[in-house]
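Subject: Structure handover

Hi,

Here is the structure I promised you. Please open it beside this email and follow along.

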Amino acid sequence: MRLFCFKQAIIVICGMAVAGCSHPATEAHRPAFHFSPRSNWMNDPNGMYYHDGVYHLFFQHYPEATHWGPMHWGHATSPDMINWKEEPIALYPDSLGYIFSGSAVVDIHNTSGFGKDGQVPVVAVYTNHDPAGEQDKRTDYQTQSIAYSLDNGKSWTKYAGNPVVKNPGIVDFRDPKVMWYEPLKKWIMTLATKDRITFYSSSDLKEWHKESEFGETLGAHGGVWECPDLLRLDHEGKEVWALLVSINPGAPNGGSGTQYFLGEFDGHAFSPADTLVRWLDLGTDNYAGVTFSNTGNRTILMGWMSNWQYAQAVPTEKFRSAMTLPRELGLKSAGNRLYLTSTPVKEVEGLSGRAEVLNKVTVDKSYTVTSGGRGLFDLELRDVPAENFSISLGNSKGEELIVGYDKASNRYYIDRTRSGNTGFEPGFGKVHTAPRLAGGNRINLRLVADVTSVELFADDGLNAMTDIFFPGEPYSKITITAPDILVIGVLKFSEMKPARLR
Ligand code: FRU
């Protein structure tokens, strides 16, 4: 299979695991408030759910090295999606293969029958990837399996009847995302099947029936479709369904990215409202993002903050890589079209330290927001004229990351050409752009920066861009520049405290 041969071929022989663990805060490039594994390799978020006051994050993990390898499900828990504690590995490879991406549901009605003595079962649904089948050039080596937990995610039992969905001969057949469809009282599995999505349904999570296919001739097809998610959202009292589909490669700014479709879902098939290709995040570092199960009317997404184009080459030593901030998804219309919005969950504010709110800030060529921080901040600019301006994150080495708005092209951009160490992959040091979706001549934006990442949320989340970078020292100086005098309505700057990541 092209994708995985590629991943294995570019193994980077450095940064092997070091026994023990230095304090995260003292380790180069270790984020302070984004989840990263204590050591070694991580990619997609998996099986995220909320139950009994605990958020669970599982993740694609190779615990032996800092490059991709036989996949396990790593595990972390949190009371708030911000302060994470890494738990023992949840799922190990088995006779059916590696444990690839998937989801988890809280089976409240015990439809699976796995529940005992009133214990609510949590059921994980994942892809088994059989490396021997891949080696033998078979086409059916990815299948779907389930495991259940009766102690809220601490221990897992694999179902004896695995796999629950056999492979009909499709090489890329993976990443099941399962949700409960209340009107028909059944489970829906959204599965990435090479160049399209296939929906399955089940009443007990064990026996699955194919319902329909979507997308063979719609959307971006520059790479394989992976890690889908089907979401039900409300827009002004009306139900709207979103179908997220990650694609690698083929994203507009290079490498991996997540497109999405809006439309209707009737329990059998997804019908898109239009043929527009929309992108969840036009930075290069939010991939394979899916939502938590069982969060009531909150729709919360986390993505892998990297890109297959260079993920295995980034210059971190003990670990690779981190997750994005959890984001609340919503809907908003702009220019007669509907789009998803992304904004950091309100729990992020728990990390705000010293905050400053200024009204009517005049930028006369340049304005220094701070010149002594540690590069951890949450900066909000409201009521900014839609004229050229940029925000520079810099350090004493002359390294600089620039986030800005360009009026002529009506685009937001992130320029990481001079952001520090960019030489580990030829495509890394580039400028990324995103067409501004909101109309109007006033801009609102929010920038959340951690040690190695910046997340831009513009116009109340209509535009999102996430980029990582590797400066030689933290970006301590934040400056706003504009060619003409620019008056910013409100400027709010908060230093962020490190999270308790254990
Ligand atoms: C996406 C992906 C998934 C797969 C997993 C393997 O990044 O390729 O499709 O399940 O990674 O680690």
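How far does a polar side-chain atom of Arg 174 lie from an oxygen atom of the ligand? The distance is 2.7 Å. Keep in mind that this is a predicted model.

Let's stay with the ligand. There are 16 residues around it. Asp 44, Gln 60, Arg 174, Asp 175 and Trp 308 come nearest. In the side chain of Asp 44, an N or O atom is 2.7 Å from a ligand oxygen. Asn 43 also places a polar side-chain atom by a ligand oxygen, at 3.1 Å.

Now the domains. The protein chain is divided into two parts. Domain 1 covers 10-17 + 349-496. Domain 2 covers 40-308 + 319-324. Their centres, taken over C-alpha atoms, are 31 Å apart.

Next, look at where the domains meet. On the domain 1 side, 20 residues are in contact with 18 residues of domain 2. Together the two domains bury about 1,400 Å² between them. Carbon and sulfur atoms carry 54% of that area.

What links the domains? The count is 1 salt bridge. Asp 285 forms a salt bridge with Arg 416, and their closest N and O atoms are 3.0 Å apart. The interface also has 9 residue pairs in polar contact.

Best wishes

How values were computed: Residues are numbered from 1 along each chain as its sequence is written. This is a predicted model: local features need pLDDT of at least 70, side-chain atom pairs count only at pLDDT 80 or more; totals for chains, interfaces and linings use all residues. Side-chain values use heavy atoms; hydrogens and water are left out. Domain bounds come from an automatic or database domain assignment. Contact means heavy atoms within 4.5 Å. Buried area is the accessible area (1.4 Å probe) that two parts lose on being put together, summed over both. A salt bridge is a side-chain nitrogen of Lys or Arg within 4 Å of a carboxyl oxygen of Asp or Glu. A polar contact is a pair of N or O atoms within 3.5 Å; within protein, one must be able to donate a hydrogen and the other to accept it, and residues adjacent in sequence count only if both atoms are side-chain atoms. A residue is near a molecule or strand if one of its heavy atoms lies within 4 Å of it.
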